[in-house]
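Please consult the sequence and model shown below while reading.

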Amino acid sequence: MIMRNGLIAGAVVLLAACGSDEQETASTTPDTAAPEATSAEVTTWGFGLEEIEGSVQYEYGEKFAELISEKSDGEIEVRLYPYGQLGGLTDIYDQVQEGAIQLAFGSGFLGGTVPESQLFSLNFILTDDEKLNAEILNDPAFRKHEDLVAAFRERNLQPLAIVPEGWQVWSANKAVRTPEDFSGMAIRTMDNRLLRETYSAYGAQPTTMEYGELFSGMQLGQLDGNIQPVFAHQEMDFYQVQDYLIFANQAQFIATFMGNQAWYDDLSDEHKDMIEEAVVELVPHIHEVQTRLNTERLDIITENSNIELVYLTPQERNAFRELSMPVRDTFVEMVGERGERLMNALIEQVEAANPGDADLEEEVEEGGSEEEMEEADAA
Ligand code: 6CS
């Protein structure tokens, strides 16, 4: 696999205006300087993915392309650029900001571009129910919250949907059950300060590295641990160079689906409506896809390795939850009042959707029995 060797294929992205503001064609053209010709009737929207074929983002992109093609009677073609084709992660964000591509996903590394997006890296902020989280994040009350939209638009981006891709699962060469177990561990985090603060609070040594370099980073011993949804541990072969997968359910991997702001503003109402309908239809669809992919890939991992699976108990999780709480203040320090309002809006949505969770936290703090905690977690 090219990615795991850290070789990111170079790509030339050319932009061709084809008659109207909306008719922009982005194409990777490693062999020729000329942009690919498209017929006069077909408009191409380029969509940069942070992940390779077979991933949750790829499945999202394929379904989005299918829905847009159907809704536009074939007038619009969405062309996917999987990870590596446009360079590294920040190259993808640069290209959608500049309008070289029209659409992209942005997750942890996007924190450098849209600091408020680090909200999605906070641990223990959502519920334990992944489907409910997808619904909360995509409820217009949050997805279209003026502070979220303003944070992206200030950076020439338009947020379109929020896409949870599964629990972030730790991998390591030892079983991590307590913050003390993290001591001295070089754990790879995506490049944002919030994640570095979180894992420092847990006692680890956060280390930033590009996605495509992680396999060799772990193989060469530069990294002791990694944080990914299960499908990515499998798809990128990361599990082959680690001994334990640790499920703490501390956070989900969350990406934002976004467009170039000027491009979005120039779209006709009809095309904006197509996008809106597609992202709404995709909420239950991608939840089903991510749960299926993560389940199937865990089976592949366990069939093909001796990796040990560790599931933290509610009390073990609570030790991490407590350490994560002050990081919310760091988030506010970093992003100011707008980010704070957004964080509070998310917390309110979570509490309204899942009032039982606050009770559970109190019970855990008071120290119910492990069985009681597990029952409460399963409920
Ligand atoms: O860890 C990363 O950098 C990447 N992981 C996933 C699952 N998706 C994209 C992200 O950049």
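## Surroundings of Tyr-60

Leaving aside residues up to four places away in sequence, Tyr-60 touches Phe-47, Phe-105, Ala-161, Val-163, Phe-257, Val-279, Leu-282 and Ile-286, where contact means heavy atoms within 4.5 Å. Tyr-60 has a relative accessibility of 1% and therefore counts as buried (buried is under 20% relative accessible area, exposed over 50% and partly exposed in between, with a 1.4 Å probe and protein chains only).

The model is predicted: local features need pLDDT of at least 70 and side-chain atom pairs count only at pLDDT 80 or more, whereas totals for chains, interfaces and linings use all residues. Residues are numbered from 1 along each chain as its sequence is written, and side-chain values use heavy atoms, with hydrogens and water left out.

## Aromatic pairs

The structure contains 21 aromatic pairs (rings of Phe, Tyr and Trp, the last by its six-membered ring, pair if their centres lie within 6.5 Å; planes under 30 degrees apart count as stacked, over 60 as edge-to-face and the rest as tilted). Tyr-60 and Phe-105 form an edge-to-face pair because their ring planes stand at 75 degrees, with the centres 5.3 Å apart. This pair links distant parts of the chain, since Tyr-60 belongs to helix α1 (residues 56–71) and Phe-105 to strand β5 (residues 103–106), 45 residues apart. Helices (H or I, at least four residues) and strands (E, at least two) are DSSP runs numbered from the N terminus. Phe-105 is buried, at 0% relative accessibility.

Phe-182 and Tyr-199 also form an edge-to-face pair, at 6.0 Å centre to centre and 85 degrees between the planes. Phe-182 lies in the loop between β7 (169–172) and β8 (186–189) and Tyr-199 in helix α6 (residues 193–201), so the pair ties together parts 17 residues apart in sequence. Phe-182 is buried at a relative accessible area of 0%, and Tyr-199 is buried at 1%. Elsewhere, one aromatic cluster is formed by Phe-47, Tyr-60, Phe-64, Phe-105 and Phe-257.

## Nonpolar cores

The largest nonpolar core holds 101 residues, of which Phe-47, Tyr-60, Phe-64, Trp-170, Phe-182 and Phe-257 touch the most other members. A nonpolar core is a set of buried Ala, Val, Leu, Ile, Met, Phe, Trp, Tyr and Cys residues joined through side-chain atoms within 4.5 Å. Helix α12 (residues 327–353) gives the most to this core, with nine residues. Another core, of nine residues, lies apart from it and includes Trp-167, Tyr-239, Leu-245 and Ile-307.

## The five-stranded sheet

Five strands form an open sheet of mixed pairing, in the order β4-β3-β5-β12-β6; two strands pair if DSSP finds at least two bridges between them. The edge strands, β4 (76–81) and β6 (157–167), each pair on one side only. From one strand to the next, the twist averages 20 degrees. β5 runs antiparallel to strand β12 (residues 252–260), to which four bridges join it. Phe-105 has Phe-257 as its bridge partner in β12.

Helix α5 (residues 146–153) lies across β6 and β12, at about 110 degrees to β6. Helix α10 (residues 269–304) lies across β3 (43–48), β4, β6 and β12, at about 15 degrees to β6. Axes are lines fitted to C-alpha atoms, for helices over the stretch in contact, and angles run from 0 to 180 degrees between N-to-C directions.
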